[in-house]
Amino acid sequence: MSNPYLPLQTRIEAIRTETDDRTLKTFFLRFLRSEDAEQFRYRPGQFAEVSLVGRGESPIGMASSPTDGDALAFTINRAGIVTTAIHNLRAGDLLGIRGPLGNGFPIERLESRNLVIIGGGFAFTTLRSLAAYAIALENRPRFGRLTVIYGARRPGLLLYKEELHAWQARDDIEVAVTVDAAEGEWSGRVGFVPAVTKEVAPSAENAIALVCGPPVMLKYTLPVLADLGFAPEQILLSLEMRMKCGIGICGRCNIGPKYVCKDGPVFSLAELKELPSEY
Amino acid sequence: MRRVILAKQKLNDLIRQWVVERTVLAPVKQTTVDFEPVSAANEICSDYRNTRLPLKRLFFQPSEALLRFDFKAAPEQRVTEAPVEARPTVVFGIRPCDARSLVLLDRVFLGQDYRDPYYASRRDATAIVVLGCSRAAPTCFCTSVGGGPADRAGADLFLLDRGDIFVVDVITERGEALMAGLALPEADAETLDRADRAVADVAAAMTVIAGVEQLGPALKAAFDDPRWQEISERCLACAACSFLCPTCHCFDVQDEVLDQKGRRIRNWDSCMFATFTLHASGHNPRTETMQRVRQRVMHKFSYYPENFGVIACVGCGRCIRACPAGNDMRQWLRTLAEACGKESR
Amino acid sequence: MNPLVAQIRETARRLLDEGRVDVVLGFEAGPVALRNAPCFVRGAAEVDRLTWDHFCGLNLAVFLNLSSRRIGVFAKGCDSRAIVNLLKERRLVRENVVIVGVPCPGMADRGKVERWVDAAEVESARLKGDKIVVVAGGKTFEAPIEEMLRDACRECAAPTPTYYDLLLDAEPGRPPATVDAALHARNEPLHESLTTDRAERWRRFEAEAAKCLRCYACRNVCPLCYCRECRADQSDPRWIGTSPNPSDNQLYLLMRALHSAGRCVECGGCVEACPVGVDVRHLFKRLEREVRERFGYVSGADPNQKPPLATFDQADPEDFITDV
């Protein structure tokens, strides 16, 4: 078995600043060695420890979908020491990757179902991966209706604007993008994600809801889903947690008998209810 | 498994034989008794209960480099694995509780999905010679957590001290290899019977905290019981207990750089520390000491057992001796057993 | 049994019955020999748990930090000095604490006892008159308790609290004790570490620091180490590394000593708490001596005296930085 602590080297191919306050950037990475690229087989919902040697590591969800091609994409929020240092990198710089880690979204469970993808803020990144995966030509027939509800505080903070725009023009996926408050020339929806969810009112029949967002969004969105008839087993969430090793050994992300890095980060609401609320 | 007699005056021959190709660690008395390299039997402390520090530090070091960085090297050589020194080693005289702790740590570090190469290479190179206990210390509670003074878990050789002789159980192949070249007589039934009964008496004399092994699920139900607050009232949230505990294994990873070179280091850490679960965003799920005390106890007595079927505590009592504020894990367990409605003696 | 025990229990009962406090903090028999445990008593029915002897070394002021409870605490001299400092630093509301001073007979040093019994496992310890009787490794040892007291206690300038609401065992008419700075100076041994050469001093410090595991028991047991974010934990900026390597350990110990200057009450709790026997008490003592000599200030003696390192005075000497 290879050393699970050893990051594989990638080169930054491109960097796209997503938000107008520059706190979120998407990094497109390519492995230096083709064998590393071949072995890195991931599912939407998984993450990797993005490793900047000399600074540290940060667990970041995969924003790219395996259907996007060889380059990996991570949308990184500038939050602390490591992510700030990563933000200061340029195209051509090296970055280490350890992964893929975590359980990812349970694709087998999602097949033949209608998927209701609800994201808020920068927690949307792994949901983007799932949506892109689902609408890829070879995958689309495996899933039922696809509904995406995505909101940010204001237009300048929306991720993946161009892509979402393109998706809104498609007829095999329904995309509702909203902002809490409009600004500039925004002519799209204005409204909080929970309210928009209620309005769009996806049916719970044969559906799975995948929800990622800040605590306040979850607090108000989960009851809406419950009212719509979604049982706790039908709602999947992705947890954020402080991590270090990412492989279930160091203990930092331990909640109850689970390790968020290994048994998660994706948990159903039913599973979360079994865990102490220490996240 | 063979059970043979080793005359104590022959122990030195054994040590001298081992030392040729192996490092031999044994309890040595300096200001305290701790494992140190020895080359002769007379260097070994013959009268001790347990060492101050647990042996986990041999396999899971307080601070060790995982990776090395060289920023001047070519990109593909920039990050390399730090070499692990894993000289063949014999640990002689480890107590059953500490040997058992290694088996518990193995489940974490040598998992099905991920194998920690640093821990693994040292563990693979080390033979474990356990010395059963002739006396329990006032703080021992191994028999309450699935262990005991004659517990053979983790032992390659298991010894019982019978005055002039040791009764030696040769348990594993590695144990056999340690005894190679020595023709030792098989122990007779009477000697074995006396030896086994003597150590069984040691176990029988220990106070057992009843119900600890069944506490796991009940503790989950008692998660919000006010008694957690009660037991953590005098905890100062340092890591004296965690660092001296043979089974605690949380660690931190830090990158340290000097000029153009650096290392990624793993350091002992503790869930008792206030910043253990602090996110970069400032959010911290466990700000109160009570929450962290609860996490530590639950991890050992509920979560780990749920995942692996055994309690992650060996009852060595070091936490009780180490705590500057008089906290006693046994008392905690009794209080919690009460909270869960289980009787405890 | 020590006659003070009855007074302690009676006082605790009274404080609770009269409703002056919600909880009383003292000591009870601990789980291990030589070390009693802090005891929170909430009802008169529990006061008989309280005890008092040479095994009550923990500085109880550590539990008072920002406490919002009304609490009565049985304070030794060093506890009382720590409380004075907490009051000065506004970590305690005066009305919330009733300080019951208890004259301190000096506290046992577990490390000393363990060395005395040659590292055998201590099974029990009790006091017999002015002797301590220890059973270790199956053998019995006896010695005058004086010999087993902490060095900090043997050098203590104020074993009887000088700041309190009530003082137990007080003789009527006896003048209140004061922190005797002269006693301080007399009792302070001419520390070996101060008379040997610098290389030897450094070697000794290096040897102590090398033992440190960075468990922070010393910091967490200290009543005056209460920063919500300790500099040793801060990651941005990373003032010192968190790894238990010699260099970062040295920085941690020096940093803690400097941050305690003028505030340390020299109880020796840090040494007692350390699970691996690190002893750099001499650094802290040295700094307290500096503060006494430069500023005429004794840590924890007078609640009205402003802490010199937190106070600016035009007359402060400036003989070391500028020549204005």
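## Basis of the description

Two residues are in contact if their C-beta atoms, placed from the backbone, lie within 7 Å. The structure is a predicted model, in which local features need pLDDT of at least 70, side-chain atom pairs count only at pLDDT 80 or more, and totals for chains, interfaces and linings use all residues. Residues are numbered from 1 along each chain as its sequence is written, while chains are lettered from A and ligands numbered from 1 in the order in which they are written.

## Chain C as a whole

In chain C, residues 24 or more positions apart account for 67% of the contacts with a separation of 6 or more. The secondary structure of this chain comes to 11 helices and 8 strands; helices (H or I, at least four residues) and strands (E, at least two) are DSSP runs, numbered from the N terminus. Chain C has a radius of gyration of 20 Å, close to the 20 Å that the globule rule gives for 324 residues, so it is as compact as a globular protein of that length. The radius is taken over C-alpha atoms, and the rule is 2.2 Å times the number of residues to the power 0.38.

Taken along the principal axes, the C-alpha atoms of chain C fill a box of roughly 60 × 50 × 40 Å. Of its 324 residues, 45% count as buried. A residue is buried if 20 or more other C-beta atoms lie within 10 Å of its own, exposed if 12 or fewer, and partly exposed in between, with C-beta atoms placed from the backbone. The domain assignment gives domain 1 (110-148) and domain 2 (181-303) for chain C, and the C-alpha centres of these domains lie 28 Å apart. Such bounds come from an automatic or database domain assignment.

## The sheet of chain C

An open sheet of 5 strands is formed in chain C, in the order E2-E1-E3-E4-E8 and with mixed pairing. E2 and strand E8 (166-167) of chain C stand at the edges with a single partner strand each, so one side of each is left without a neighbour in the sheet. Two strands pair if DSSP finds at least two bridges between them. Strand E4 (residues 97-101) of chain C pairs with E8(C) in the parallel sense over 2 bridges, and Val100(C) stands opposite Leu166(C) in E8(C).

## The surroundings of Pro223(C)

Pro223(C) is found in the loop between H8 and helix H9 (246-259) of chain C. Pro223(C) is buried, with 28 other C-beta atoms within 10 Å. Leaving aside neighbours within four places in sequence, the residues in contact with Pro223(C) are Asn59(C), Ala61(C), Val62(C), Asn65(C), Ala82(C) and Leu86(C). Pro223(C) and Ile83(C) are 140 residues apart in sequence, yet 8.4 Å apart in space, C-alpha to C-alpha.

## Interfaces with chain B

Between chains C and B, 33 residues of chain C are in contact with 35 residues of chain B. Strand E1 (23-32), strand E2 (35-41), helix H3 (110-116), helix H8 (217-221) and helix H10 (269-273) of chain C each supply at least two residues of the side of chain C that touches chain B. The largest share of that side, 5 residues, comes from E2(C). By class, the side of chain C that touches chain B divides into 17 nonpolar, 9 polar and 7 charged residues. Ala, Val, Leu, Ile, Met, Phe, Trp, Tyr, Cys and Pro count as nonpolar, Asp, Glu, Lys and Arg as charged, and the others, Gly among them, as polar.

Chain A also touches chain B, with 31 residues of chain A in contact with 39 residues of chain B. The side of chain A that touches chain B divides into 16 nonpolar, 10 polar and 5 charged residues.

Chain B is divided into domain 1 (2-204) and domain 2 (212-339), whose C-alpha centres lie 25 Å apart. The contact between them takes 35 residues from domain 1 of chain B and 29 residues from domain 2 of chain B. Strand E4 (63-70) and H3 of chain B each supply at least two residues of the side of domain 1 that touches domain 2.

Of the 14 residues of H3(B), 10 are buried, so H3(B) is largely enclosed by the rest of the structure. What covers the buried residues of H3(B) includes helix H2 (56-59), strand E6 (89-94) and strand E7 (126-131) of chain B.
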